[in-house]
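Trainee: I am new to this structure. Please take me through the terms and what stands behind them.

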Amino acid sequence: MSVAVIGAAGQLGSDLVEAFGAVPLTHGEVDVTDPESLNILRDIKPDVVINAAAYVRVDDAEGEADEAFRVNAAGALNVARACDEIGAANVYISTDYVFDGKKGEPYDEEDAPSPVNVYGLSKYAGEVLTANYSSRHYIIRVASLYGKAGCGNFVDAIIKRAQEDGEVRVVDDVFMSPTYTEDVSIMLRRFLDLEPSFGVYHMVNEGCCSWFYFAREIFDILGEDVRMTPIKSDELGRRAKRPAFSALENRKLGDLGLHMRRWEDALGDYLARVAR
């Protein structure tokens, strides 16, 4: 199985390249908003194209809706058309932010999306366009990613803040599924090897927690005594609304006999790796 990864320089993209031994396509080589740049896929002729390119600045998207939709939606459409032209399976990486967080328990693949911010809406638009313009598609929803490529993930940021300030303030009223990019990459390879039915799948580390609990687990694993103060999300004054409970359930993965490990175990491995 030959694989090309668009967005290869990102947190998830870099791990996907490693897991698949894939052809890496960075933004300098492929700009999903430019259909002409996707002509490179005709030369490579991969069996699978993983579209991990995305506009991910959630707060900025509120004032840059055109750019968010240009990348996450129109870009997804361009990739879908290119994949159909060469007969490649199209894997579109999406997000838990397609949900509004009102369910109060983890969302499975059958739950109806209802985004509460521009970023989530742009990604959902990308899902719809991928499904309608790519006959062989997988929409893979991930959440709260962190990985060795950095890019300002929460784990690295909260550790740096504690080192600089000696204390941290973290929201305790937003719940999600923290997920290690290496685990997603390894699971996606196992998943594609099975050649499952096309459609929407969730792929996150098992379990969920608040951001405050996640931060506490980080410092517990590191054995660091950090002063932590729980706060409410509205105290941050962020431009974009966040879903209060966007944890995901990997129901369809389970139906295939595939299981992601617990988020606590994944976090422990990540912290051990970056500490080396």
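**Pocket and helix packing**

Mentor: The second largest pocket holds about 150 Å³ of space. A volume is the space filled by probe spheres set on grid points, which are joined across faces, edges and corners. This is a predicted model, where local features need pLDDT of at least 70, side-chain atom pairs count only at pLDDT 80 or more, and totals for chains, interfaces and linings use all residues. Residues are numbered from 1 along each chain as its sequence is written, and side-chain values use heavy atoms, with hydrogens and water left out.

Trainee: Which residues line the second largest pocket?

Mentor: Met1, Asp47, Val48, Ala89, Arg136, Tyr138, Leu192, Asp193, Glu195 and Phe198. On a 1 Å grid over the protein atoms alone, a pocket is an open set of points with protein on both sides within 12 Å along at least five of seven lines, and lining residues have an atom within 4 Å of a point.

Trainee: How many residues of each class are in that lining?

Mentor: Six nonpolar, no polar and four charged. Ala, Val, Leu, Ile, Met, Phe, Trp, Tyr, Cys and Pro count as nonpolar, Asp, Glu, Lys and Arg as charged, and the others, Gly among them, as polar.

Trainee: Why are helices H4 and H5 called roughly parallel?

Mentor: Helix H4 (residues 65-86) and helix H5 (residues 118-133) pack at about 15°, with axes 8 Å apart. Angles under 35 degrees count as roughly parallel, over 145 as roughly antiparallel, 65 to 115 as roughly perpendicular and the rest as oblique. H4 and H5 are therefore roughly parallel. Axes are lines fitted to C-alpha atoms, for helices over the stretch in contact, and angles run from 0 to 180 degrees between N-to-C directions. Helices are DSSP runs (H or I, at least four residues), numbered from the N terminus.

Trainee: What makes H6 roughly perpendicular to H8?

Mentor: The axes of H6 (residues 154-165) and H8 (residues 211-222) cross at roughly 70° and come within 11 Å. So H6 is roughly perpendicular to H8.

Trainee: Which residues of H6 and H8 meet?

Mentor: Phe154, Val155, Ile158, Ile159 and Ala162 in H6 meet Trp211, Phe214, Ala215, Ile218, Phe219 and Leu222 in H8. Contact means heavy atoms within 4.5 Å. By class, this H6 and H8 contact has 11 nonpolar, no polar and no charged residues.

Trainee: Why is H1 called oblique to H7?

Mentor: H1 (residues 11-20) and H7 (residues 181-193) have axes that cross at roughly 45° and come within 8 Å. That angle makes H1 oblique to H7.

Conventions: On a 1 Å grid over the protein atoms alone, a cavity is a set of points where a 1.4 Å probe fits but cannot get out, and a pocket is an open set with protein on both sides within 12 Å along at least five of seven lines; lining residues have an atom within 4 Å of a point. Helices (H or I, at least four residues) and strands (E, at least two) are DSSP runs, numbered from the N terminus.
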